[in-house]
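Please examine the sequence and the structure shown below.

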Amino acid sequence: MCELHQRWKTLWNRIDHAVAQCGRPKGSVRLLAVSKFQSTDAIRALYELGQRDFGENYVQEALQKQAKLCDLKDLNWHFIGPVQRNKTLAIATHFDWVHSVDRFLIAQRLSEQRPEKLTPLQICLQVNVDAEDSKSGCKPDEVQSLVEAIMPLPAISLRGFMSIPAPGHIQTFSVLSSLIQQWPSMDTLSMGMSDDLEDAIRAGSTWVRVGTALFGKRAH
Ligand SMILES: *Cc1c(COP(=O)(O)O)cnc(C)c1O
């Protein structure tokens with residue numbers, strides 16, 4: 001068995017085990033394969049194993065990969081990096097999900113620029129729960145007003161929240177899962193990466209975003 005296949009199996013064992021341990025239904029956690037700096041060959045190999053959702057952090061890199069993989073019709077592309085305002089048109093046109101919306105202006109531009117022939121862009125609001133200067137995300141006390149402003153935008157669908165906790169801050173996950181209770185229309189918590197996905201799943205994650213544990217160490 002090739003290394004990628006082995007890591008894929010090990011990773012799904014971890015996910016399934018965590019899901020079962022906390023009594024959540026099978027299939028309630030989905031895997032987003034974070035393919036930044038990974039080759040299109042590696043993405044194809046994962047596609048062969050059944051993976052359909054891929055996460056990218058950089059627009060230029062993602063568009064190049066999408067062009068090379070355009071024969072795979074049922075791939076879903078997720079943007080998970082900081083969104084610059086001059087990149088919103090490319091993101092609105094070439095992605096299915098954006099996990100990293102953190103201000104109204106970005107949401108508004110994504111909605112305005114989403115091509116009419118496409119279904120609404122699925123988005124998560126990134127929340128900087130631990131207030132780290134180095135990370136993007138809105139402040140927790142901005143969430144309420146941002147949700148209210150973003151929800152009515154016509155060409156996007158606000159599905160939930162995303163967070164990248166400070167190292168070891170697993171309580172961040174439960175902050176998000178209590179926050180989302182306020183809005184019954186939202187169903188998505190994008191949280192948990194290679195090192196902390198079990199804690200995130202226990203707290204209610206619905207997308208785990210995994211790079212290293214799946215593809216191996218990144219070149220960068
Ligand atoms: C790179 C990245 C990941 C994946 O991290 P790993 O530790 O390699 O699993 C997840 N989320 C975001 C936002 C990332 O930038």
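**Pockets and ligand**

The lining of the largest pocket consists of 7 nonpolar, 8 polar and 6 charged residues; Ala, Val, Leu, Ile, Met, Phe, Trp, Tyr, Cys and Pro count as nonpolar, Asp, Glu, Lys and Arg as charged, and the others, Gly among them, as polar. The model is predicted: local features need pLDDT of at least 70, side-chain atom pairs count only at pLDDT 80 or more, and totals for chains, interfaces and linings use all residues. Residues are numbered from 1 along each chain as its sequence is written, and side-chain values use heavy atoms, with hydrogens and water left out.

**The largest pocket**

- A pocket is an open set of points on a 1 Å grid over the protein atoms alone, where a 1.4 Å probe fits, with protein on both sides within 12 Å along at least five of seven lines; lining residues have an atom within 4 Å of a point.
- Among the 21 lining residues, K36, I164, M193, R209 and R218 lie nearest the centre of the largest pocket.

**The ligand**

- The ligand sits in the largest pocket (more than half of its atoms lie within 2 Å of the grid points).
- Polar contacts are pairs of N or O atoms within 3.5 Å.
- An N or O atom in the side chain of S194 is 2.5 Å from a ligand oxygen atom.
- For G211, a polar backbone atom lies 2.8 Å from an oxygen atom of the ligand.

Definitions and conventions:
Polar contact = N/O pair within 3.5 Å; in protein donor to acceptor, adjacent residues only side chain to side chain.
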